[in-house]
Amino acid sequence: MSRRKEDASVRLESLDLGYLALFVGQRVNEQVLEDIHAAGFTGLRHAHGYVFQHLLGGPRSISELAELLEVTQQAASKTVAELEALGYVERTASEDARVRRVALSARGQAAVERTRALRAGLQKRFERQHGAAAVDAARKLLAAVLTSLGGAEAVRARRVRAPR
């Protein structure tokens, strides 16, 4: 092996907790996205999940989504139009004809259910490979660290922002 390849190698155990948690999360999200596409839910991107999270409780207006996502109305409208074209969201009735409201379509809800099943399957896989106690301890540690950093409430309230 050349000296150059040795120098480029990273010892995972030497990384700090934040980077390891980030990289695990990214890889899990990549795996879920690959599997969801293979299951026929094509066109979805990681960023769409942030919109889905805000539609789980029911229909929202574009302006509500923009506020929740902390983006412009134009950006929210563009993402919603993309999801609508893919069949994951649909327009719903609104008391005010000037207000465009959207909700998850049956296809969108099915994508959510499939994603949850895929994540549950990965959880079971981790428990088989590493032991349920170790996985539970890792979850508790990461939850405690998130709380200590002041990020727990944003997760609880579904107010996690997409990376910029």
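Colleague: Which residues does Leu65 touch, leaving out those up to four places away in sequence?

Modeller: This is a predicted model, so read each contact as computed. A contact here means heavy atoms within 4.5 Å. With sequence neighbours up to four places away left out, Leu65 touches Val51, His54, Leu55, Arg60, Val80 and Val102.

Colleague: Which members of the largest nonpolar core touch the most other members?

Modeller: That core has 24 residues. Leu65 is on the list, and so is Leu55, one of the residues that Leu65 touches.

Colleague: How many residues of H3 are buried?

Modeller: Buried means under 20% relative accessible area. By that cut-off His48, Tyr50, Val51, Phe52, His54 and Leu55 are buried in H3. The helix is mostly covered, and the count is 6 of 8.

Colleague: What do the buried residues of H3 pack against?

Modeller: Their partners include strands S1 (60-61), S2 (89-92) and S3 (101-104). Helices pack there too. Those are H4 (62-69), H5 and H6 (106-130).

Colleague: Which helices each supply at least two residues of the lining of the second largest pocket?

Modeller: The pocket is lined by 13 residues. Ala47, Leu69, Val71, Thr79 and Ala162 lie nearest its centre. The helices that each supply at least two lining residues are H3 (48-55) and H5 (73-86).

Colleague: What is the make-up of that lining by class, and how much space lies in the pocket?

Modeller: The lining has 9 nonpolar, 2 polar and 2 charged residues. The space in this second largest pocket is about 240 Å³.

Colleague: Now the whole chain. What pattern does the protein follow along the sequence?

Modeller: The protein has 8 helices and 3 strands. Its C-alpha trace spans about 65 × 35 × 35 Å along the principal axes. In sequence order the pattern is α-α-α-β-α-α-β-β-α-α-α.

Colleague: What share of the residues in the protein is buried?

Modeller: The protein exposes about 11200 Å², and carbon and sulfur atoms supply 55% of that area. Among contacts with a separation of 6 or more, 52% join residues 24 or more positions apart. Of the 164 residues, the buried share is 22%.

Terms used:
Residues numbered from 1 in each chain as written. Predicted model: local features only at pLDDT ≥ 70, side-chain atom pairs only at ≥ 80, totals over all residues. Heavy atoms only, no water. 1 Å grid on protein atoms, 1.4 Å probe; cavity = no way out; pocket = protein on both sides within 12 Å on 5 of 7 lines; lining within 4 Å. Points joined across faces, edges and corners; volume = space filled by probe spheres on them. Helix = DSSP H or I, 4+ residues; strand = E, 2+ residues; numbered from the N terminus. Nonpolar A, V, L, I, M, F, W, Y, C, P; charged D, E, K, R; others polar. Buried < 20%, exposed > 50% of the residue type's maximum accessible area, 1.4 Å probe, protein only. Core = buried A, V, L, I, M, F, W, Y, C linked by side-chain atoms within 4.5 Å. Areas by Shrake-Rupley, 256 points an atom, 1.4 Å probe, with all protein chains shown as cover.
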